[in-house]
Amino acid sequence: MKIKMLKIASMCFLPLLMLTGCGNQQSTSMVNDLSFSLDEIKKITISYDDENISFFEGVNENLIIKEYMSKDKESYHANVTQENNEIKVSEGGKPFSKKNFNRYIKVYLPASYSEDLKITTTNGNIDLSDVSLDISSIRIDSTSGEIKINEMTATDIHLSSTHGKMELGNIIGDNIKIETTNGNVSCKSIEGNVAYTSTSGKAEFLSAKGSGTYKANNSGKLKVNYEEVTGDLSLYNKNDNIDLTIPSTLDFDFKATTKNGSVDTNFQGSISVKGRTTSGTIGDNPTVAIKVETKNGNIKVTR
């Protein structure tokens, strides 16, 4: 009889566990809906900690921010300041025990907004895969969260992550700065003057136009495919490989150096090899310089 009662209790308790997420998660709902006029606004700053932030195209000309939480309390709502033509929105408080507290943010940004934007998180993901931005400047910083971008055009672009990966779509800018520590970077296309630095993350740029400096200070494969080169290129990888593709019609001055690797090219020209250094001029009218260097990695340059 006791065994039968235990079975019945277990059958009743199992659905309850499923509804409550095994007791570790709480359902969320929208608890705070903010709306801002963007008249005369020159900068928007959005800063959170553990929360995921997702961007969507605005339904009107106002900036709308919606906060979803598993527990509603006035002190948990966003802190907002608006002064000097800038809107600043940052996270509110949290329960002392954050174990069962969940919060995420949805931002609805009008397509007409063309000024400055800054977004920061610590552990939260930043998702701009559902919007196309054409603004003056943007800065995105995350420690462990992932960064996803669909289409972005800006004069100045600065993207940084410590451990989180970056999934980039089409990026266009005059000055593009990408910094990672251990996070990997994948980019569909990039156009502009690129300054990429990493410690251990690998990077792949499927299509590139413009000029750039790429530096991997420790390890992580570096692969860049340039369809158009308008300025000098410099690529450095301390302990991993470099794979660079450049246009077949490009004329350039070339230098590749490795300490404990190999240099592999498929082009002909006034090339000399001295020890681990390959240098020379490719074509009759070189317009740019290409420099590639590794310490303990192989170099492959394909024209």
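This is a predicted model: local features need pLDDT of at least 70, side-chain atom pairs count only at pLDDT 80 or more; totals for chains, interfaces and linings use all residues.
1. Salt bridges overall. The structure has 10 of them. Some join up: Asp49, Asp50, Glu51, Lys94 and Arg103 are tied together in a salt-bridge network. As a reminder, side chains of opposite charge can pair when their charged atoms come close.

2. Asp251 and Arg303. Have a look at this pair, whose side chains form a salt bridge at 3.6 Å, N to O. The two residues are 52 apart and link distant parts of the chain: Asp251 sits in the loop between strand S15 (242–245) and strand S16 (252–258), while Arg303 is in the segment after strand S21 (299–302). Asp251 has a relative accessible area of 18%, so it counts as buried, whereas Arg303, at 28%, is partly exposed.

3. Glu167 and Lys165. These two also make a salt bridge, with 3.2 Å between the closest N and O atoms. Glu167 is partly exposed at 31% relative accessibility, and Lys165 is partly exposed at 35%.

4. Glu293 and Lys295. Here the closest N and O atoms of the salt bridge are 3.5 Å apart. Glu293 comes out as partly exposed, with a relative accessible area of 22%; Lys295 is partly exposed too, at 31%.

5. Thr278. Is Thr278 buried or exposed? Its relative accessible area is 10%, so Thr278 is buried. Beyond its neighbours within four places in sequence, Thr278 is in contact with Phe254, Lys255, Ala256, Val263, Ile271, Ser272 and Val273.

Definitions and conventions: Residues are numbered from 1 along each chain as its sequence is written. Side-chain values use heavy atoms; hydrogens and water are left out. Buried means under 20% relative accessible area, exposed over 50%, partly exposed in between (1.4 Å probe, protein chains only). Contact means heavy atoms within 4.5 Å. A salt bridge is a side-chain nitrogen of Lys or Arg within 4 Å of a carboxyl oxygen of Asp or Glu. Helices (H or I, at least four residues) and strands (E, at least two) are DSSP runs, numbered from the N terminus.
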